[in-house]
Amino acid sequence: MVLVLVIGDSHIPTLTHDLPAKFKKLLVPGKIGQIICTGNVCDKETYDYLRTISPEVYVVRGEFDENTHFPLSLTIPHQSLRIGVVHGQQIVPAGDADMLAALARQMDVDVLLSGGTHRFEAFEFEGRFFVNPGSATGAWSGLWNGEATPSFALMDIQGPVIITYVYQLVEGEVKVDKVEYRRPDPPKEIIDPSATGRTEIPAGW
């Protein structure tokens, strides 16, 4: 079992000054094995803070990130699963399920994490799992012409199963919902007996 924090679009300090205090109380060192950030961290102080929660931090570059060395995409293996990460600049229109699915096929991943919209989403489509953690600070978004609901996700990865817990700050209180995904089993290979060189003996002989 691996507990992965999926977080993004904090936009500190460009659009807001800090993560919500109630989120910080939940994000304590020692419980989270890995952090995946979907971009727009945006400054080094926020990145260093994430590293106090877990030393294993993966970040893709958003359009407001100071660090231009962050990659535009990542593929992270997790046991039998392949997890892809992008900020979402590649997805037009933003958050479009068909475009996300096309990118997931191109990256050959079972799970695709993306950001950019500042709205949490978690859904299964074409046998793959898609998660957008939203904005951890509820930063303003031009897509919706207003502030978003602060949110992040915790993924509990157990082999081919991912249980995703979404944390949202609604009217000052933390609300938690759960979404479960199981990677479909690969189709079983049908072996043609004639190709094996063996003779099949009919029943009753």
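Helix α3 (residues 97-107) has the buried residues Leu-100, Ala-101, Leu-103, Ala-104 and Met-107. They sit on the same side of α3 because they cover an arc of only 160° around the axis, taken from the directions from the helix axis to the C-beta atoms. This is a predicted model, in which local features need pLDDT of at least 70 and side-chain atom pairs pLDDT 80 or more, while totals for chains, interfaces and linings use all residues. Residues are numbered from 1 along each chain, and side-chain values use heavy atoms, leaving out hydrogens and water.

**Words to know**
- Buried means under 20% relative accessible area, exposed over 50%, and partly exposed in between, using a 1.4 Å probe and protein chains only.
- Helices (H or I, at least four residues) and strands (E, at least two) are DSSP runs, numbered from the N terminus.

**Around helix α3**
- Asp-98 and Gln-106 are exposed, on the face of α3 turned away from its buried side.
- The cover over the buried residues of α3 includes β4 (73-78), β5 (81-86), β6 (111-113), β7 (120-125) and β8 (128-133), with contact meaning heavy atoms within 4.5 Å.

**The ends of α3**
- At the N-terminal end, Asp-96 is the cap: one of its side-chain oxygens lies 3.2 Å from the backbone nitrogen of Asp-98.
- After α3 comes Asp-108, with a positive phi near 55°.

Methods. A polar contact is a pair of N or O atoms within 3.5 Å; within protein, one must be able to donate a hydrogen and the other to accept it, and residues adjacent in sequence count only if both atoms are side-chain atoms.
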